[in-house]
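This report describes a ligand site, aromatic contacts and selected backbone features, with the structure shown first.

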Amino acid sequence: MMQISNTITDLQAKLNEWKSQGQSIAFVPTMGGLHDGHLALVALAKQKADKVIVSVFVNPTQFGENEDFDQYPNTLEQDITLLEQHQVDGLFTPNTDQIYPQDLENDIVAGELGGILCGVSRPEHFDGVAQVVHRLFEIVSPDVAVFGQKDYQQLLLIMQMTTQYFPEIKVLSQPTIREEDGLAMSTRNQYLSENERAIAPYLYQALLQAKQDYLNNTTVEMLTNTAKNTLSVDFKVDYFEALDANTLKQITDNTSKIAILCAVFLGSTRLIDNIIFNKG
Ligand code: AMP
């Protein structure tokens with residue numbers, strides 16, 4: 001049976017029972033609206049620890065004022081069924097007061113990595129992400145936590161935050177799970193109209209093309225310009241960049257892994273995706 005906890009006290013009672021039996025804990029934070037991408041994180045978590053805890057919490061502090069906090073899909077009943085089917089041991093569904101009590105010190109910030117790429121058009125976003133993951137780690141205190149490469153900038157930032165504040169927690173990453181036509185799975189794909197849904201896979205095609213161009217020695221400037229031009233037929237391009245995958249800075253002679261990352265608007269829906277590969 002999956003234990004469902006709405007409160008920290010209830011969750012920690014169960015966690016303490018498991019920990020006192022010497023069981024290791026893997027943690028998968030989510031905002032719900034679960035899909036196969038989330039379930040791949042769960043599958044990886046199951047391989048890495050004795051017990052798996054998933055959280056579903058739509059974190060208000062990572063949404064900007066004009067963003068989709070109020071519309072964010074809530075499919076909790078279905079999420080519970082999926083998590084039970086995947087033999088998750090515990091689900092944590094806290095309310096906002098549990099996560100952000102009035103006396104909580106709020107001094108966690110994302111730092112330099114939070115100011116680039118998605119951080120340019122979403123200036124508060126990564127501070128909110130760093131804050132909520134810090135708080136959830138404080139509550140759950142897992143051995144392992146699993147995040148998706150779909151949100152690559154977020155992954156790097158969480159790795160940094162974890163090294164700084166929770167060196168005992170191991171952060172693992174799961175490659176992006178895609179629909180058959182290449183579109184990265186995302187809760188926000190639910191917002192797309194039928195027409196938009198047909199166009200959305202062009203984003204991944206542009207990433208694949210850019211990777212190919214890079215491997216064929218096209219300059220970063222050329223390949224990003226080509227991609228932006230192609231994408232701007234169907235999307236409003238927010239950014240399209242090829243960077244060092246370890247630092248998210250410019251590619252240098254010391255770069256071993258490349259990250260090509262992009263964000264676009266399709267109607268009012270913001271889509272992000274990336275592709276990570278060895279420099280070769
Ligand atoms: P979210 O519920 O969107 O906050 O995502 C929760 C976790 O699932 C994050 O670590 C995401 O990076 C990860 N995730 C979301 N979509 C995918 C996907 N298509 N493939 C792999 N991981 C994903």
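Gln78 belongs to helix α3, which spans residues 76-85. The model is a predicted one, and in it Gln78 has a relative accessibility of 47%, so this residue counts as partly exposed. Gln78 and Arg122 are separated by 44 residues in sequence, and their C-alpha atoms are 30 Å apart in space.

## Ligand site

Which residues come nearest to the ligand? The ligand has 17 residues around it, and the nearest are His38, Gly148, Asp151, Ile177 and Met185. By class, this shell comprises eight nonpolar, seven polar and two charged residues.

His38 places a polar side-chain atom 2.9 Å from an oxygen atom of the ligand. From the backbone, a polar atom of Met31 is 3.0 Å from an oxygen atom of the ligand, and a polar backbone atom of Ile177 is 2.9 Å from a ligand nitrogen atom. Taken alone, the ligand exposes 490 Å², of which the protein buries 92%.

Among the contributors, α2 gives the most, with three residues.

## Aromatic contacts

A pair of aromatic rings is described by the distance of the centres and the angle of the planes. The structure holds seven aromatic pairs. In one of these, the ring centres of Phe27 and Phe137 are 6.3 Å apart and the planes stand at 65°, so the pair is edge-to-face. This pair links distant parts of the chain, since Phe27 lies in strand β2 and Phe137 in helix α6 (residues 125-140), 110 residues apart.

Phe27 and Phe137 form one aromatic cluster together with Phe147 and Phe166.

A charged group also meets a ring elsewhere: Arg178 lies over the face of Tyr204, at 3.6 Å from the ring centre.

## Positive phi values

Most residues other than glycine have a negative phi. Leu117 has a positive phi, near 45°, and is not a glycine. Its place is in the loop between α4 (96-99) and α5 (118-121). With a relative accessible area of 4%, Leu117 is buried, because buried residues are those under 20%.

Ser141, likewise not a glycine, has a positive phi of about 50°. Ser141 is located in the loop between α6 and β5. The relative accessible area of Ser141 is 37%, so this residue is partly exposed.

## Residue pairs across the chain

| Pair | Separation along the chain | C-alpha distance |
|---|---|---|
| Glu138 and Tyr165 | 27 residues | 9.6 Å |
| Phe63 and Val129 | 66 residues | 9.4 Å |
| Phe240 and Val264 | 24 residues | 8.5 Å |

Glu138 lies in helix α6. At 39% relative accessibility, Glu138 counts as partly exposed.

Where is Phe63 found? Phe63 occupies the loop between β3 (51-56) and α3. Phe63 has a relative accessible area of 9% and is therefore buried. Phe240 is part of strand β7, residues 236-244. With a relative accessible area of 1%, Phe240 is buried as well.

Helix α3 contains Gln78, and the loop with Phe63 lies between β3 and α3.

Terms used:
Residues are numbered from 1 along each chain as its sequence is written. This is a predicted model: local features need pLDDT of at least 70, side-chain atom pairs count only at pLDDT 80 or more; totals for chains, interfaces and linings use all residues. Side-chain values use heavy atoms; hydrogens and water are left out. A residue is near a molecule or strand if one of its heavy atoms lies within 4 Å of it. A polar contact is a pair of N or O atoms within 3.5 Å; within protein, one must be able to donate a hydrogen and the other to accept it, and residues adjacent in sequence count only if both atoms are side-chain atoms. Accessible areas come from the Shrake-Rupley method with a 1.4 Å probe; for residues, only the protein chains shown count as cover. Helices (H or I, at least four residues) and strands (E, at least two) are DSSP runs, numbered from the N terminus. Ala, Val, Leu, Ile, Met, Phe, Trp, Tyr, Cys and Pro count as nonpolar, Asp, Glu, Lys and Arg as charged, and the others, Gly among them, as polar. Rings of Phe, Tyr and Trp (its six-membered ring) pair if their centres lie within 6.5 Å; planes under 30 degrees apart count as stacked, over 60 as edge-to-face and the rest as tilted. A charge sits over a ring if NZ of Lys or CZ of Arg is within 6 Å of the ring centre and within 35 degrees of the ring normal. Buried means under 20% relative accessible area, exposed over 50%, partly exposed in between (1.4 Å probe, protein chains only).
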